[in-house]
Amino acid sequence: MGNKNIGPLNDIKVVELATVLAGPGVGRYLADFGAEVIKVESPEGDPTRRMGWTGTNESDSYFWKLINRNKSVISLDLKISENKEILWAIIKDVDVLIENFRPGKLAKLGFSSEELLKANPKLVILRLTGFGQTGPYSSYPGFATIVDALSGFSNLLGEPQGTPSLPPIALADELTALVGAFSVMLALRHAEKRGEGQEVDVNLLTSMFQIMGALPSAYAHMGYLQPRLGSGIPYTVPRGTYKSVDNIWLAISCSSDSVSDRVLNLLGLNDDPRFVNFQSRSKNRELLEGYVKEWVGKRTYSEVLDKFREADAAVGKVMSMEEIFTDEHFLSRDMITDVEGVQMQNLVAKLYKSPGNLRHPGRKFNQNSKEILRRYSKKKRNN
């Protein structure tokens, strides 16, 4: 891993005033592709340093090392006027500000939108919250769990007639980080073309609601409410996880008529009128799922995999993280990489002409404070 910023964003500077996952996730994606990101922490440090799993004799978690890789870090108590002046010097120098305070809190600290854009007219201000800058929920604490519930997502998770479930990962944060990075790029493009910055309102709830597909339209026009279907979805049958005779779980999906035809042919059901199209397969869901479960359950994992591959039908093993670390595809694609001794996900995208670069994991607390203060204390005095 090199130490020099390379990549398509190596002329972009970012200051990050965000904690935990979604906001820092935006900074991570920008930094991965060359942006200089200065992460400003409180004197107590970002809570992510203490969240989740921590290696032996290590003070910072693996979450911290992943989500804050490639960034410089500094601690500033923004209740102190001298530290505010340092932050103002940084803001005047950067292209993007990422913050995830509750609406209005940053303004109360003396950094209103008007003042920010006055100091730096081309500044992109990403405001990242749970529920957005406006609306009845805007001032509420916004965590992924609550957003999973409010977005309608959790209502779909779980077994039929069972209780609603929650995703076992920080899905809303991870998704919103990608939405935030995309939104920042749009605003930077506008600043480049028009010479003006702007506020960008990104939130977890809107991000999660966007992935609900056509369900809002189906309800609005048909009164349709999708039930909990376990691993199933209403418009793809069969679709789910199935256990082989040697107790290995596989995932199977038939999301197109051509794939469905090939799977039905494998099952000996290709001439069955109950399964001729999407609608008929959905109507006879339980019956068809039963056939697939029985067929897979009589065969070994290798047999199922071979027959599906021969038929060019979609199938995959339900893998644990242990299996992922030895999987030939993950290895051939370098999807896991070593960053100064820390194993973590590699870059999210391969750009063949202007690739990103992983330079270091999340820094130790205050590790870059001296160099950042030296740079911006001088600019503060000059300004």
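Let me start with helix 3, residues 81-93, which lies across strand 1, strand 2 (36-41) and strand 4 and runs at about 140° to strand 1. Bear in mind throughout that this is a predicted model.

Those strands belong to an open sheet of six, ordered 3-2-1-4-5-6, with parallel pairing. At the edges stand strand 3 (72-75) and strand 6; each has a single partner strand, so one side of each has no neighbour in the sheet. From one strand to the next, the twist averages 20°.

Inside the sheet, strand 1, residues 13-17, pairs with strand 4 in the parallel sense over four bridges.

Helix 7 lies across strand 4, strand 5 and strand 6, and its direction is about 165° to that of strand 6.

Now the packing. What is the size of the largest nonpolar core, in residues? That core has 35 residues, and Val14, Val26, Leu30, Val96, Ile98 and Leu126 have the most contacts inside it. Two or more residues each come from helix 1 (22-32), strand 4 (96-99), strand 5 (124-129), helix 6 (144-150), helix 7 (171-194), strand 6 (198-203) and helix 8 (204-210). Helix 7 gives the largest share, seven residues. Apart from this core lies another, of 24 residues, with Val40, Ile74, Leu97 and Leu116 among them. As background, nonpolar side chains in soluble globular proteins tend to be buried together.

Take Val14 as an example. Setting aside neighbours within four places in sequence, Val14 is in contact with Leu30, Ala35, Glu36, Val37, Ile38, Val94, Val96 and Ile98.

Next, helix 1. How many of its eleven residues are buried? Eleven of the eleven, so helix 1 is largely enclosed by the rest of the structure. The buried set includes Gly23, Pro24, Gly25 and Gly27, and also Arg28 and Asp32. After helix 1 comes Gly34, with a positive phi near 110°.

Finally, the whole chain. The secondary structure comes to 16 helices and eleven strands. Of the 383 residues, 43% are buried. Among contacts with a separation of 6 or more, 67% are between residues 24 or more positions apart. The C-alpha trace spans about 80 × 50 × 40 Å along its principal axes. The protein exposes about 20700 Å², and carbon and sulfur atoms supply 53% of that area.

How values were computed
Residues numbered from 1 in each chain as written. Predicted model: local features only at pLDDT ≥ 70, side-chain atom pairs only at ≥ 80, totals over all residues. Heavy atoms only, no water. Core = buried A, V, L, I, M, F, W, Y, C linked by side-chain atoms within 4.5 Å. Buried < 20%, exposed > 50% of the residue type's maximum accessible area, 1.4 Å probe, protein only. Contact = heavy atoms within 4.5 Å. Pairing = 2+ DSSP bridges. Axes fitted to C-alpha atoms, helices over the stretch in contact; angles between N-to-C directions. Areas by Shrake-Rupley, 256 points an atom, 1.4 Å probe, with all protein chains shown as cover.
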